[in-house]
Amino acid sequence: MITVSIMLATIIQALDGTIANVALPHMQGSLSASQDQITWVLTSFIVAAAIATPLTGWLCDRYGQKNIFLTSVAGFTIASVLCGLSGTLSEIVIARLLQGVFGAALVPLSQATLLDINPREKHGSAMAVWGMGVMIGPILGPTLGGWLTDSYDWRWVFFINIPIGAMAFYGIWRYIRQTDAPRKMKFDAFGFATLSLAIGALQMLLDRGEQNDWFSATETWVEAIILALSFAWFVAHTATRPAGKSFFDYRLLKNANYVSGLLFIFIVGLVLFATRALTPSMLQSLMGYPAKIAGLVTAPSGIGTMIAMMMVGRLVGKVDLRLLLGIGFAITAFSLWQMTRYTLVLSQSDIVWPGVIQGLGLGLVFVPLSAATFATLSPEMRAEGTAIYSLIRNIGSSIGIALVQTLLVRNTQTVHASLTDHITTTNPALLDNLATPQAAAALNNEITRQASMIAYVDDFWLMFILTLCVIPLLMLIRPPAKSAPVTVDHAAMD
């Protein structure tokens, strides 16, 4: 029951990161907002969640894990109601900020709780359950959001959280046992302020960079300067304070498995979310797929993820984690290689099967990676460790999405210019077809489609090469000794 309750909380938070995307055009008309203004519905949630995530460890230490869990679920559900009731752009942006703040702790706390209530030999199965909630949410978000928006109203994208949040709240209140908060960590206000500024500036830079033409805009330079100065102050401040008295416990960085896990989850976040951002837009903009159909043909990748996680959860502890990770990354690379062969003429099965295969690969990666990352981390450091783990995954996804979108725009322009160079006046048939402005416009549109397709393929090649390059780094991970004692932390058990 604890597992069911906390996974409900995880799913609603993971869903809300993507479920609102397809509803933006409907929100724009309803709230009388411009295209530039409506993107703040997404940006406000992402920035608030990123800033609040590192607070999870200190809050649990100060007020207790159960209390923070209950507060987060209740606050997130109430904020969802406010989002659905919003009548102006400013109201929904404020409500999304609250959603991000309260939802930030849900994913790391669910991971920490599952590790606490399961013995070490069951951590693989526990992480399989947790991974399904974390990874299925972003995959199903656009599909569910499109269906709710088309069938009912964009407000139901947020109202759907009410029954799920209520069930999660009751389950956590009823089945997780209350424990006294250790209160060992002192709040480091300067450390939190500098880290928050750095994270907020990074997220703003990544989210609005392409829209502002990156460093051609003053806003991007301001964000970059704030990021550099704030992070430098944070590092210097943390390095000169005793352990346990800084906002970030740098003893986490002394654990080789944990640091390696952060590196790999960054790559997973980058590849997973970048690919998820590319495929639906490719289907809708180049092939004329409606939002609902685009969601349906990309959703089966979640089936592959679920199958892989159910299998691999039983293998963790019996098979070398590095072997499982290597197979997972290899399968993911194969699916990306299939995507590099995309053309403008594709059947739905050409979209579905590479997605399913990629889901299998990422499922094989996610579970053993989580188990290996926290295998040698002490229980009292799990709350902060899982918070940083989730933060790095989110930063990876933000960087990945910004990277592929920027390359997509730049490569489309470059390829369009290259293709246009091949249109010459020495071809009489071509000149006859360009006799009218309508014909010239039609030719330009086709060149743009071809250039865009090539740019999408280039992005898939980048993800493919990046995934291959990370495989040799698996040797950095050291699997836990099989003779390691089995310990169970009963802090969250009744």
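The model described here is predicted. The buried set in α11 consists of Asn-161, Ile-164, Gly-165, Ala-168, Gly-171 and Ile-172. Viewed down the axis of α11, these buried residues fall within an arc of 130 degrees, so they line one face of the helix.

The length of α11 was also checked. Helix α11 covers residues 161–175, which makes 15 residues. At 1.5 Å a residue, the span should be 21 Å. The end C-alpha atoms are 21 Å apart, so expectation and model agree.

A nonpolar patch lies on the surface. Phe-190, Phe-215, Trp-221, Ile-225, Leu-229 and Trp-233 form this patch. Together they have about 660 Å² of accessible area. Helix α13 (residues 218–239) gives the most to the patch, with four residues. Leu-229, one of the patch residues, is found in helix α13. The relative accessible area of Leu-229 is 44%. This value lies between the 20% limit for buried and the 50% limit for exposed residues, so Leu-229 is partly exposed.

Another leucine, Leu-315, lies in helix α16 (residues 301–315). Leu-315 has a relative accessibility of 34%, so it counts as partly exposed. Leu-315 and Ser-125 are 190 residues apart along the chain. Their C-alpha atoms are separated by 8.7 Å.

Terms used
Residues numbered from 1 in each chain as written. Predicted model: local features only at pLDDT ≥ 70, side-chain atom pairs only at ≥ 80, totals over all residues. Heavy atoms only, no water. Patch = residues over 30% accessible without salt bridge, like charges linked within 9 Å, V, L, I, M, F, W, Y side chains within 5 Å. Areas by Shrake-Rupley, 256 points an atom, 1.4 Å probe, with all protein chains shown as cover. Salt bridge = Lys/Arg side-chain N within 4 Å of Asp/Glu carboxyl O. Helix = DSSP H or I, 4+ residues; strand = E, 2+ residues; numbered from the N terminus. Buried < 20%, exposed > 50% of the residue type's maximum accessible area, 1.4 Å probe, protein only. Expected span 1.5 Å × (residues − 1). Arc of directions from axis to C-beta.
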